[in-house]
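Dear colleague,

I am passing on the structure below, together with some notes on what turned up in it. Please read the notes with the coordinates open beside them.

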Amino acid sequence: MSDSCELPQQPVAPTPETGAACALPGAVVAGAPERRWTAPGAQDRYEILRTAKSVAIVGASENPARASFFVATYLLGSSPYDVYFVNPRATSILGRPVYASLADLPVVPDIVDVFRRHDDLPGVAQEAVDVGAAALWLQLGSWNEDAAAIAETAGLSVVMDRCIKIEHARFHGGLHLAGFDTGVISSKRQLRSR
């Protein structure tokens with residue numbers, strides 16, 4: 001995905017009119033407030049990922065159908081990060097312990113990757129500030145300028161409406177057109193049978 005593409009003004013809630021569960025890049029919701037926050041560029045996102053040593057996934061799920069599970073699986077298998085899970089209702093995900101809050105983690109996470117409802121995001125941003133995290137990362141479809149303001153005022157880097165798995169794979173040569181890590185790095189197009 002190019003940095004020059006337009007992103008949705010905010011996530012699209014499912015409605016009888018749209019039928020959409022989430023916004024696609026370029027989708028704009030009629031009457032949605034204009035985005036005022038300026039997103040970091042590709043180089044800034046790369047630096048956040050390059051310098052990080054640990055990632056805490058807030059809202060991690062043990063359900064393999066959830067995006068947080070897919071991201072966790074990718075980060076554990078294809079990244080150098082120490083990954084921690086935060087969910088007060090789970091005890092174990094992918095054989096690893098789950099913590100009730102960011103404050104319960106045994107380390108200060110460099111990146112707090114958030115899979116939570118829109119209204120919960122400012123509270124998670126404040127928790128990230130309170131524990132001393134370096135960056136707040138709101139997943140694809142999550143945009144909350146109040147959360148961004150809380151984090152940025154305290155000196156945290158902020159990324160919103162971007163998938164950490166996609167961004168990591170993109171910067172490290174493992175992003176296939178479908179978003180999967182193919183394990184093959186080549187400039188040739190893959191031949192496909194018909």
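A residue is called buried here when its relative accessible area is under 20%, and exposed when that area is over 50%. Please keep in mind throughout that this is a predicted model.

By that cut-off Glu145 is buried, because its relative accessible area is 17%, whereas Arg36, at 65% relative accessibility, counts as exposed. These two residues form a salt bridge in which the closest N and O atoms are 3.4 Å apart. Since Arg36 belongs to the segment before α1 and Glu145 to helix α4 (residues 145-153), the pair ties together parts that are 109 residues apart in sequence.

The structure holds seven salt bridges, and a network of them links Arg45, Arg162, Glu167 and Arg170. Arg170 and Glu167 are both in helix α5, three residues apart, which is about one turn of the helix. Glu167 counts as buried at 3% relative accessibility, and Arg162 is buried as well, while Arg170, with a relative accessible area of 27%, is partly exposed.

Arg45, also in the network, is one of the buried residues of helix α1 (residues 42-51), the others being Ala42, Ile48 and Leu49. Seen down the axis of α1, these buried residues fall within an arc of 125 degrees, so they line one face of the helix. They pack against β5 (111-114), β6 (135-138), β7 (157-159) and α5 (164-171).

Best regards

Notes:
Residues numbered from 1 in each chain as written. Predicted model: local features only at pLDDT ≥ 70, side-chain atom pairs only at ≥ 80, totals over all residues. Heavy atoms only, no water. Buried < 20%, exposed > 50% of the residue type's maximum accessible area, 1.4 Å probe, protein only. Helix = DSSP H or I, 4+ residues; strand = E, 2+ residues; numbered from the N terminus. Arc of directions from axis to C-beta. Contact = heavy atoms within 4.5 Å. Salt bridge = Lys/Arg side-chain N within 4 Å of Asp/Glu carboxyl O.
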